[in-house]
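Subject: Handing over the structure

Hello,

Here is the structure I wanted to pass on to you. Please open it next to this message, and then read on for what I found in it.

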Amino acid sequence: MKVLITGVCGFVGHWIAKVLTESDSGIQLVGIDNLSRSGSQSNLPELKRRGVRFIHGDLRCASDLEVLPSVDWVIDCAAMPSVLAGTLGNGSARQLLEHNLVGSLNLLEYCRIRCAGLILLSTSRVYSLKPLSELPLLASGGAYQLNSAEENLPPGVSADGIEETFSTLPPVSLYGATKVASETIACEYAAMFNFPLRINRCGVLAGAGQFGRAEQGIFSYWIHSHFARQPLKYIGAHGTGFQVRDCLHPLDVATLISQQINAGDTPGKPTIVNVSGGIESAYSLYQLTQWCDRQFSPHKVESTNENRPFDLPWIVLNNKLAQSHWQWEPSRSTEQILDEIATHARANPDWLKCSR
């Protein structure tokens with residue numbers, strides 16, 4: 001089987017390549033990346049050692065895809081990842097749309113022409129801002145918790161988190177809109193041109209080697225910054241740090257993807273699933289700071305009343321659909337992931353500098 005990974009030099013892309021090469025000796029991997037993200041070149045040597053054929057190219061340029069070989073599956077890990085992308089001071093909206101929408105369109109054309117299946121990595125940020133911001137929450141133990149006893153919970157949310165049926169109506173942010181649009185267009189392409197499609201809506205991914213920037217992974221950024229005694233501050237949630245996210249290691253995403261490509265176009269499987277650490281993995285920034293204080297020694301975090309667009313107090317994805325249909329569940333707990341990042345921080349004290 002031959003597989004193409006886009007964004008192969010990114011944090012998630014290179015982990016998927018690692019798992020696939022270790023789990024299936026018969027797989028041939030091709031990777032494409034434009035190397036625009038700071039630090040991404042550092043993953044090239046390992047990819048080449050694993051026999052991954054690397055192609056320097058940009059999905060926004062259709063001619064770059066024309067030279068790619070035919071494959072059986074495409075795993076799309078290439079996108080601008082930040083919910084703040086395209087907003088004031090965070091790059092241009094046009095650049096975001098070109099990366100995340102034009103790139104997706106070009107990739108879908110590639111899949112159509114080459115009859116390749118597609119696995120699209122999407123995001124929790126496809127879910128609607130207004131109902132998410134109005135969820136009934138309780139503050140306990142330094143974190144917000146969903147008040148699941150509330151009678152008027154919106155459709156698609158339960159004690160286990162946000163389900164795939166939760167609203168994706170706008171506004172969802174420009175970034176979220178590009179991912180919703182990519183999902184919709186991918187579904188139309190797959191139905192019209194008869195190729196298999198899986199869409200994995202991922203929660204917050206974290207692990208060693210993740211680049212030390214907030215938009216590329218808040219857990220890694222927070223731990224590396226705390227270790228390096230860099231300024232940190234709580235933004236949103238009234239400056240408390242009580243905002244909560246789930247946490248998942250990319251190894252577990254890769255394990256699911258391995259199952260998906262080996263299963264092929266198996267009937268009865270849902271096209272879209274949430275892929276997250278689930279409610280068991282949920283952590284607040286305040287709790288993460290306490291964990292870092294125990295690991296490294298206390299470090300003051302500034303509180304601010306600043307509110308940025310699209311800050312939300314609680315996003316935890318319900319992963320039960322993926323578990324029931326793929327017999328999949330996360331293998332690494334949040335504590336294990338945090339330990340892994342802390343070990344990496346100690347071994348790489350200049351990581352923030354080399355990944356910016």
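Let me start with Gln-327, which lies in the loop between α10 and α11 (334-347). Helices here are DSSP runs of H or I with at least four residues, strands are runs of E with at least two, and both are numbered from the N terminus. Gln-327 has a positive phi of about 50° although it is not a glycine. It is also exposed, with a relative accessible area of 63%. For accessibility, buried means under 20% relative accessible area, exposed means over 50%, and partly exposed is in between, with a 1.4 Å probe and protein chains only.

Before you go further, please note that this is a predicted model, in which local features need pLDDT of at least 70 and side-chain atom pairs count only at pLDDT 80 or more, while totals for chains, interfaces and linings use all residues. Residues are numbered from 1 along each chain as its sequence is written, and side-chain values use heavy atoms, with hydrogens and water left out.

His-238 also has a positive phi without being a glycine, with a value near 60°. It is found in the loop between β11 (233-234) and β12, and at 66% relative accessible area it is exposed. Most residues other than glycine have a negative phi, and most peptide bonds are trans. Pro-171 belongs to the loop between β9 and α6.

Now the overall picture. The protein has 12 helices and 16 strands. Its radius of gyration, taken over C-alpha atoms, is 20 Å, close to the 21 Å that the globule rule (2.2 Å times the number of residues to the power 0.38) gives for 356 residues, so it is as compact as a globular protein of that length. The C-alpha trace spans about 50 × 50 × 40 Å along its principal axes, and 54% of the 356 residues count as buried. Taking contacts (heavy atoms within 4.5 Å) between residues at least 6 apart in sequence, 82% join residues at least 24 apart.

Next, the aromatic rings. Rings of Phe, Tyr and Trp (its six-membered ring) pair if their centres lie within 6.5 Å; planes under 30 degrees apart count as stacked, over 60 as edge-to-face and the rest as tilted. By this rule there are six aromatic pairs. In one of them, the ring centres of Tyr-127 and Phe-166 are 5.9 Å apart and the planes stand at 90°, so the pair is edge-to-face. This pair links distant parts of the chain, 39 residues apart: Tyr-127 is in the loop between β5 (117-123) and α5 (129-133), and Phe-166 in the loop between β9 (161-162) and α6 (174-193). Both residues are buried, Tyr-127 at 1% and Phe-166 at 3% relative accessibility.

Another pair is tilted: Tyr-189 and Phe-193 have ring centres 5.3 Å apart and planes at 55°. These two residues lie in helix α6, four residues apart, or about one turn of the helix. Tyr-189 is buried at 14%, whereas Phe-193 is partly exposed at 39%. Tyr-144, Phe-242 and Tyr-286 form one aromatic cluster.

Where does Val-316 sit? It is found in the loop between β16 and α10 (320-326), and it is buried, with a relative accessible area of 0%. Val-316 and Gly-161 are 155 residues apart in sequence, yet their C-alpha atoms are 5.2 Å apart in space. Leaving out residues up to four places away in sequence, Val-316 touches several residues, including Gly-161, Ile-162, Val-244 and Ala-282.

Finally, have a look at helix α8. It is mostly covered, with 10 of its 14 residues buried, among them Leu-251, Val-253, Leu-256 and Ile-261. After α8 comes Gly-264, whose phi is positive, near 65°.
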